[in-house]
Amino acid sequence: MVHSNRNRAIGALVFAGVVLQACVSTTTSPTPQPSPQAAPQPKVEKISYSQAVSRLAPIKARMEPIVERECKARTTSGTNCDYLISVDKEETKIANAYQTLDKNGRPLIIFTAPLIAETRNAHELAFVMGHEAAHHIGGHIARQQTNASFGALAGGLLIAAAGGDASSVQAAMDLGATVGARSYSKQHELEADSLGTVLTHKSGYDPLIGVNFFERTPDPGNQFLGTHPPNSARINVVRQTAAGL
């Protein structure tokens with residue numbers, strides 16, 4: 001009887017994954033390999049925390065009032081649009097920029113020094129800032145949390161109905177939460193690219209120059225349950241949005 005329940009639980013767990021994954025692309029691509037003929041990329045200089053802050057400062061000064069104004073215009077009255085834009089003090093972190101919320105719901109945009117070092121001009125840095133600001137305006141954190149909750153609930157209910165034990169139910173909930181959170185992550189990234197293009201443009205920077213940043217970042221391809229869409233899709237969204245400005 002134990003083995004029967006376990007097998008039914010495993011089958012239901014697979015079924016849960018199929019059901020929850022039905023809303024995302026199942027197209028997969030191999031990890032792109034650099035062409036042997038490709039010109040070597042110039043070595044990125046290392047910069048300190050203070051140098052990163054200095055480079056970010058003029059873009060922050062110009063863009064922050066614009067993105068806060070757009071946030072207030074595009075969201076409900078209860079949305080906190082008081083952005084805090086900063087550089088991570090841990091200088092050894094990998095190149096990254098992300099948007100999150102503090103405990104009071106204030107939107108934070110955080111850059112690492114290596115990412116700032118990788119941008120070649122103010123337009124690229126402004127585009128990254130616009131993209132991250134757009135995530136908050138789009139409510140992507142809340143939407144991701146909702147999707148994760150529904151995914152966890154669906155996975156757990158299916159395994160419980162199949163007679164799974166507590167550990168099987170928890171495993172299904174973990175899987176469901178992951179699938180749910182990632183189901184629309186690519187869509188959220190493209191939405192942020194589109195609105196980020198508008199924010200970059202309204203701040204006086206050129207998003208078509210800014211999007212060149214994607215030409216030098218690793219292309220994730222169209223991976224199953226990947227968190228980011230292919231670079232080509234992102235570049236196309238920026239170009240299409242910019243054409244209408």
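Modeller: A residue is called buried when its relative accessible area is under 20%. The model under discussion is predicted. By that cut-off, helix α4 is mostly covered, with 14 of its 16 residues buried.

Biologist: How does the end-to-end span of α4 compare with what its 16 residues should give?

Modeller: The expected span is 1.5 Å times one less than the number of residues. For the 16 residues of α4 this gives 22 Å, and the end C-alpha atoms are 22 Å apart, so the two values agree.

Biologist: What makes N121 a cap of α4?

Modeller: A side-chain oxygen of N121 lies 3.1 Å from the backbone nitrogen of H123, at the N-terminal end of the helix. A polar contact requires N or O atoms within 3.5 Å, and the 3.1 Å separation therefore qualifies. After α4 comes G139, with a positive phi near 65°.

Biologist: How does the chain as a whole divide into elements, and what percentage of its residues is buried?

Modeller: The protein chain has nine helices and three strands. Their order from the N terminus is α-α-β-β-β-α-α-α-α-α-α-α. Of the 245 residues, 41% are buried. Among contacts between residues at least 6 apart in sequence, 73% join residues at least 24 apart.

Biologist: Why are C71 and C81 called a disulfide?

Modeller: The rule asks for cysteine sulfur atoms within 2.5 Å. The sulfur atoms of C71 and C81 are 2.1 Å apart, so the pair meets the rule. The count by this rule is one disulfide. The pair links distant parts of the chain, 10 residues apart: C71 belongs to helix α2 (residues 49-74), whereas C81 lies in the loop between α2 and β1. Both C71 and C81 are buried.

Biologist: What is the handedness of the disulfide of C71 and C81, and how do you know?

Modeller: The torsion about the S-S bond is about -70°, and the disulfide is therefore left-handed.

Biologist: What makes a group of residues a nonpolar core, and how many residues has the largest one here?

Modeller: Its members must be buried residues of the nonpolar kinds, joined through side-chain atoms within 4.5 Å. The largest core has 31 residues, and L56, Y83, F111 and I116 have the most contacts inside it. At least two residues each are supplied by α2, β1, β3 (107-111), α3 (113-118), α4 (122-137) and α7 (185-202). The largest share, seven residues, comes from α4. Another core, of five residues, lies apart from the largest one; F127, V211, I235 and V238 are among its members.

Biologist: Which residues does L56 touch?

Modeller: Leaving out residues up to four places away in sequence, L56 touches I85, S86, V87, F111, I116, L125 and M129.

Biologist: What is the sense of the pairing of β3 with β1, and with β2?

Modeller: Two strands pair if there are at least two bridges between them. Four bridges join β1 to β3, so these strands pair, and they run parallel. Five bridges join β2 to β3, which therefore also pair, in the antiparallel sense. V87 stands opposite F111 in β3, and Y98 stands opposite I110 in β3. β2 and β3 form a hairpin with five residues between them, and G105 in the turn has a positive phi of about 85°.

Biologist: How do you know that both faces of β3 are covered?

Modeller: In a regular strand the side chains alternate between the two faces of the sheet. In β3, P107, I109 and F111 lie on one side and L108 and I110 on the other, and all are buried. Five of the five residues of β3 are thus buried.

Biologist: Where does E90 lie, and why is it classed as partly exposed?

Modeller: E90 lies in the loop between β1 (84-87) and β2 (97-101). The relative accessible area of E90 is 48%, so E90 is partly exposed. The C-alpha atom of E90 is separated by 8.3 Å from that of A113, which is 23 residues away along the chain.

Key: Residues are numbered from 1 along each chain as its sequence is written. This is a predicted model: local features need pLDDT of at least 70, side-chain atom pairs count only at pLDDT 80 or more; totals for chains, interfaces and linings use all residues. Side-chain values use heavy atoms; hydrogens and water are left out. Buried means under 20% relative accessible area, exposed over 50%, partly exposed in between (1.4 Å probe, protein chains only). Contact means heavy atoms within 4.5 Å. A polar contact is a pair of N or O atoms within 3.5 Å; within protein, one must be able to donate a hydrogen and the other to accept it, and residues adjacent in sequence count only if both atoms are side-chain atoms.
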